[in-house]
Amino acid sequence: MSLQHLWELSYDSKTIDILRNAKYAIPLIQSLHLFGLTLVLGTTVIFNLRLLGFGMRKITMPVLDKQLWRVAIGGLLLSIVTGALVFIPDPARYAANTAFKTKLVLLSLAILFQFTIFRRAVRSDVPPLGPRNIIIAATSLTLWFSVGWAGRAIAFLG
Amino acid sequence: MALALSVGLILMFDLRLLRLAFRSEPASRIMQQFVPLSLPGFAIMFASGLLLFIAQAEKAYQNTFFRFKLAFLVLAGINAAFYQVKFYPKMADWDNSDSVPRGAQLSGLLSLILWAGIIALGRTMAYEL
């Protein structure tokens with residue numbers, strides 16, 4: 001079965017018509033998508049500023065990890081579910097969009113990095129400002145904000 | 001990007017007030033560590049938002065969602081100012097206990113709802129322009 005066949009399933013579906021036809025369904029879902037993104041990027045900023053030693057020195061890394069990791073994962077799950085709901089009603093449009101394809105690649109890299117190198121750095125209470133932490137923080141911030149920017153660009157690349 | 005820096009950090013303090021995160025840390029420490037970092041985020045948000053508004057001021061002004069968004073922003077400001085005046089000076093009293101005064105919790109909840117609303121209204125307004 002080719003992707004085109006898969007897309008046809010969506011365009012033929014009466015259930016998905018509800019999403020396509022309701023005037024505020026997509027804006028509402030996108031709002032939740034942005035809220036999830038705010039949680040992911042917000043926690044990413046906090047983790048990375050702490051890794052770089054900018055402020056928050058009174059809060060230890062294990063405490064940040066314990067408290068913020070679940071917020072980050074919650075935000076990520078919300079973003080993925082709502083993102084899928086935006087994609088499903090009009091798959092052919094997104095699949096043809098360069099910004100969307102770029103975003104999926106960047107998102108995969110960001111998630112991979114988050115659960116491996118980044119998580120290890122966050123869990124170990126290493127002293128900040130080492131070159132290792134700078135590289136990790138720069139990579140994490142670049143990846144996640146690129147995901148955000150690529151997502152915003154979807155609307156402008158048609 | 002600025003959205004994450006501003007609202008993202010404010011939400012963490014809201015979660016502390018609602019006792020949903022950082023319960024083991026004094027609320028004043030969370031405030032002192034997170035809230036100042038959110039200020040540059042808000043500065044970028046206002047500047048870039050103003051530029052977007054100038055680009056199509058008349059259309060935006062007539063947009064119902066835009067008007068509600070502005071109203072929500074004002075309310076969020078009032079809520080934050082109210083917290084500063086009413087609860088901030090007395091934070092030392094409950095800082096290290098696990099409890100948070102009802103009013104302060106309400107203020108945190110209100111902040112959470114208002115900011116989520118501001119994001120939603122901003123996103124929805126584009127569909128009406």
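Predicted model: local features only at pLDDT ≥ 70, side-chain atom pairs only at ≥ 80, totals over all residues.
Residues are numbered from 1 along each chain as its sequence is written, chains are lettered from A and ligands numbered from 1 in the order in which they are written, and side-chain values use heavy atoms, with hydrogens and water left out.

Student: What pattern does chain A follow along the sequence?
Tutor: Helices (H or I, at least four residues) and strands (E, at least two) are taken as DSSP runs, numbered from the N terminus. On that basis chain A comes to seven helices and zero strands, and its C-alpha atoms fill a box of roughly 55 × 30 × 25 Å along the principal axes. Read along the sequence, the pattern is α-α-α-α-α-α-α.

Student: And which pattern does chain B follow?
Tutor: Chain B has six helices and zero strands, and its C-alpha trace spans about 50 × 25 × 25 Å along the principal axes. Its pattern, read along the sequence, is α-α-α-α-α-α.

Student: What percentage of the residues of chain B count as buried?
Tutor: A residue is buried under 20% relative accessible area, exposed over 50%, and partly exposed in between, with a 1.4 Å probe and protein chains only. For chain A, 46% of the 158 residues count as buried. For chain B, which has 129 residues, the value is 43%.

Student: How far apart are the mean positions of the positive and negative charges of chain A?
Tutor: Lys and Arg count as positive and Asp and Glu as negative, while His and the chain ends are not counted; each charge is placed at NZ of Lys, CZ of Arg, CG of Asp or CD of Glu. In chain B, with 11 positive and 7 negative side chains, the two centres lie 3 Å apart. In chain A, with 16 positive and 6 negative charges, the mean positions are separated by 14 Å.

Student: Why does B:S38 count as buried?
Tutor: B:S38 lies in helix α2 (residues 27-55) of chain B. Beyond its neighbours within four places in sequence, B:S38 is in contact with B:L5, B:S6, B:L9 and B:I10. B:S38 counts as buried because its relative accessibility is 1%.

Student: Which backbone oxygen lies 2.6 Å from a polar atom of the side chain of B:T124?
Tutor: B:T124 is found in helix α6 (residues 102-125) of chain B and, at 9% relative accessibility, counts as buried. Leaving aside neighbours within four places in sequence, B:T124 is in contact with A:Y24, A:P27, A:S31 and B:F65. A polar contact is a pair of N or O atoms within 3.5 Å; within protein, one must be able to donate a hydrogen and the other to accept it, and residues adjacent in sequence count only if both atoms are side-chain atoms. The backbone oxygen at 2.6 Å is that of B:A120.

Student: Is B:F22 buried or exposed?
Tutor: B:F22 lies in the loop between α1 and α2 of chain B, and has a positive phi of about 55° although it is not a glycine. B:R19 has its place in the loop between α1 and α2, with phi near 60°, and is partly exposed with a relative accessible area of 27%. At 0% relative accessibility, B:F22 counts as buried.

Definitions and conventions
Contact = heavy atoms within 4.5 Å.
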